[in-house]
Each structure stands twice: as C-alpha cells, then as structure tokens.
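Subject: Structure handover

Hello,

Here is the structure I promised to pass on. Please open it first, then read my notes below.

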Amino acid sequence: MRLTQLLCSSVGKWSKQFSNLPDRYIERTMNQVYWKNPKGSQYKPNTEVKRKKFRFSVHRPWTAQFRQQNSPGKLYKKVFVEPIKDWSFFRGDRVEVLVGPDKGKQGYVKQIIEERNWVFVEGLNCTLKDMGGDKKYPGIYVKMEQPLLVTTQVSLVDPSDLQATAFEWRFTEEGDKVRVSTRTGRIIPLPASIEETIDYKSKATYKEQPKDTLADDVSEVTFQPALKTFQMDIMESMDIKDERVPLKTYWY
Amino acid sequence: MSYVNLIIKRSISTSSIREGKRNFKKFSLHNKRGSRIFKQMQAENPDPEMPIDKRGVRDVGYTLNGTFYTVPEMIPELIVPDLKDFKLKPYVSYRAPEIYQEELTAQTLFDVVYAPKIKKDHTENKLSADGNPMEPSVQEKQTSEEAWNKAKMTGSELL
C-alpha cells in the first residue's frame, strides 16, 4: 500500500471512467521525475523531485498534448475550482445550457472533466476552429464543443416536464442514493451510459472476442480439494508408484 | 546497556566497495548498440574483443575450425500440453463476475476429507462412548506412525 499520494488521484474518477485505462498506466504517463536518488544505502532518505502541479484542460492526462502543456518548466497560474462533494453529471445525462448562444437548449453530456468541473454537451456551446491552414490551402473549419462549468453554466433536466431544475441527492426508502429534483420531487435517474467505456457500452452487453475467456468458464469451479500435495497428484495422474518410506529421524 | 567489544580483530570492509561509485564511463557496444557508422564497421570487420552478446542463450552446437556444427540434441525441445478444448484464454471477458474465493486452509481440507464421515457416524450413533468410530474408514484405522510415514513419502512437503 503506497503511502505517497498517487498522481492519478488528482485525476477525477469520472474523467477516467470512459477511457477504461488502468490507474498505473495513467500514473506512468503523467509521471515526470526530474531527479531521483541513486540506489545505495548511503543515499537514504529516498528523494524524488517530480512535478506535482498539473494544468488540467481539454486534453486527457495520458495524452501527448497534456504532456506538452505540462512539459518541464511550464508554470501556470492556479485555476480555482469549486470543490464539489458529490459529482452529479454523468455521461448521457440530459442537461440544459444556461449561458452562451445556445442558452435554453438541451443536450446530452458527452465528456466529463472533473478536475475543472467541466462537461461537454453534445452539439451545444460550439465554436468553429480554423484548422490546417497554410499559405496555399485555406484550411477547414471544425466545429468543436466548448466546456461548460457544472456549477453555474449547466443544469440537469427534470424528466417529467423536461425543464431545467435544481436537484439534491437523497436516499430512497430502500437506501439507494438518488438525485431528486427540488422543484417537482421527481427522481432523476442515472443515465444508462454511466458505465459506458470506449471498450463496451455496458459490461453485460460486451461482445466476447476470440481471446476472451467466457464469463461462465471463469466462474466455473473445477478444483476438488484432496488430501495430497501437488507432487502426489502428478504422480497419481502419471501412474508413478513410489512406495519408499524415509528412515526414521530422531531429535536429540 | 551497551557493551564494547574488546576483542581486537582485523576485518575487511566490503560495504564501501559494494555501495561505492559504480558509474563507470565505458560501456560495451555490442549487438545493436553504437552509432550507424560503428555498426557498419562491425558488420564488415568485427572487432574480436567485442563478440556478439548472446545474452546468456547457449549455442545449439559447437564451432570447429571456423565452421559451426549444429547438434540436434542441444536444440531445446519445448513440451507444451495439448490445448485442444481448453476453455481458458489469455484475456477475461468483461462480463465475468467478481469472484471471491476464501483461503484454502487445513480446516477446509478436513471439512472435505474427514468431516462428512464423522458427521454421518454421529447422526447414526455409530460412535462409541469415547467418541471413536465403530466402523472406521481406511484413514481412521491408521495409527499415528502409519499416517506419518504416508505423509513423508515422495511428494511430501514436510521438511
């Protein structure tokens, strides 16, 4: 169990969810160790000089663009992010945009960047980016969604009347934690694509590939406990008979 | 309380060398190491002091008067079990449930091997007054010495 704080713990859970990447990979790609103690007992205590403050933006933390933005020596002004206790905006949630030219329009959450309290709503709050232009070629315009702040710029939509609403996390009688619209009291259910990743839409609907062990084969119990060691089991299966008994030993 | 060892003896310090500076500046440029020009020169006229680094893998024969003779017996034969109808594959499907298995302890082994007979005897009242079975099985008939000898036979893990 590592006592030092992991780098990838600064990356939000819902930011990593869709990528389905293991934590140790994200850490490995984010790691920027500038100097490390040489190996040897005379070089204790162990010191590691590495980057601790990262600038989180549109690029995912394991990408090359993130690494370029956070290259050694690059310092950014601290971005103040309102700490949210319970993150409540998931992929596939129906939300209404409250600011900008798309004010009043509703759309579905496409991407989450928890570190900046951002969500990207599909097709809304877009800008046109002139990309690929040089002296001869005029370039093309690419329409890209801009991030929206979860706290102020976006609001959940009540499924009963499809209007923007404030909400609260409450417990049902069964004990489940749910989002409840404060205006109507209707439960805002979690979207179906909450557990969606780049590899599967949901674990239950995953299509098994040729190199995958089937779920039934994994959970099948084939082991039968028997009173013999591994070697004795092999001897029995290979019909090796050895009746020798070792000589008696004595303790003095 | 600390005592000073007054027995004077000479010793050699090995820790100073073991933990000492080992960042030597010369590295062997074998195989794919070295610049392009160096590797070209090695291909035409290999330096005898820099043979091909086999990384611990042994040759499958011997060299005699400049020629290499392969010895078929030296070629390793990999015995791999027949994986026909083998259901386990390299990866696990995402659909597989979380499996929690308890530790296999001596208690579990006892419960599987001996406990059923003892339970049966108890319910059918086939245990004598002092708790011994009236119809002992093969394992129950063993004496302590017999059981020990059996446990010490080939394949034993008693060391």
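In which loop of chain A is N70(A) placed? N70(A) sits in the loop between α3 (64-69) and β3 of chain A. Helices (H or I, at least four residues) and strands (E, at least two) are DSSP runs, numbered from the N terminus.

First, the ground rules. This is a predicted model, where local features need pLDDT of at least 70 and side-chain atom pairs count only at pLDDT 80 or more, while totals for chains, interfaces and linings use all residues. Residues are numbered from 1 along each chain as its sequence is written, chains are lettered from A and ligands numbered from 1 in the order in which they are written, and side-chain values use heavy atoms, with hydrogens and water left out.

**Chain A overall**

Chain A has 5 helices and 14 strands. Its C-alpha trace spans about 90 × 55 × 45 Å along the principal axes. The radius of gyration of chain A is 28 Å, whereas a compact globule of 252 residues would have one near 18 Å. That radius is taken over C-alpha atoms, and the globule rule is 2.2 Å times the number of residues to the power 0.38.

Of the 252 residues in chain A, 31% are buried. Buried means under 20% relative accessible area, exposed means over 50%, and partly exposed is in between (1.4 Å probe, protein chains only). The accessible surface of chain A comes to about 18000 Å². Carbon and sulfur atoms hold 56% of that surface. These areas come from the Shrake-Rupley method with a 1.4 Å probe; for residues, only the protein chains shown count as cover.

Now the contacts, meaning heavy atoms within 4.5 Å. Among contacts in chain A with a separation of 6 or more, 47% link residues 24 or more positions apart.

Charges next. Chain A carries 42 positive and 33 negative side chains. Lys and Arg count as positive and Asp and Glu as negative; His and the chain ends are not counted. The centres of the two sets lie 12 Å apart, with each charge placed at NZ of Lys, CZ of Arg, CG of Asp or CD of Glu.

**The cores**

A nonpolar core is a set of buried Ala, Val, Leu, Ile, Met, Phe, Trp, Tyr and Cys residues joined through side-chain atoms within 4.5 Å. The largest one has 17 residues. The members that touch the most others are W87(A), F89(A), V95(A), V119(A), V121(A) and V154(A). At least two residues of this core come from each of β3 (94-97), β4 (106-113), β5 (118-121) and β9 (154-158) of chain A. A second, separate core has 9 residues, including C8(A), V11(A), I26(A) and F56(A).

Not counting residues up to four places away in sequence, V119(A) touches W87(A), F89(A), V109(A), Q111(A), I112(A), Q146(A), P147(A), L148(A), V150(A) and V154(A).

**Buried loop residues**

Back to N70(A). N70(A) counts as buried because its relative accessibility is 0%. Leaving aside neighbours within four places in sequence, N70(A) is in contact with Q32(A), R51(A), K53(A), F54(A) and R55(A).

N117(A) lies in the loop between β4 and β5 of chain A. N117(A) is buried, with a relative accessible area of 4%. Residues up to four places away aside, N117(A) touches V81(A), E82(A), I84(A), W87(A), L148(A), L149(A), V150(A) and T151(A).

P191(A) is in the loop between β13 (187-188) and β14 (212-213) of chain A. P191(A) counts as buried, at 11% relative accessibility. The C-alpha atoms of P191(A) and R94(A) are separated by 8.5 Å, though the two are 97 residues apart along the chain.

**Exposed spots and backbone details**

G73(A) is also in the loop between α3 and β3 of chain A. Is G73(A) buried or exposed? At 68% relative accessibility, G73(A) counts as exposed.

K44(A) and P45(A) are joined by a cis peptide bond, with omega about 0°. P45(A) is in the loop between β1 (33-36) and β2 (48-50) of chain A.

L162(A) is not a glycine, yet has a positive phi of about 55°. L162(A) is found in the loop between β9 and β10 (163-164) of chain A. With a relative accessible area of 41%, L162(A) is partly exposed.

In chain B, N65(B) has a positive phi of about 55° although it is not a glycine. N65(B) is exposed, with a relative accessible area of 80%.

Best wishes
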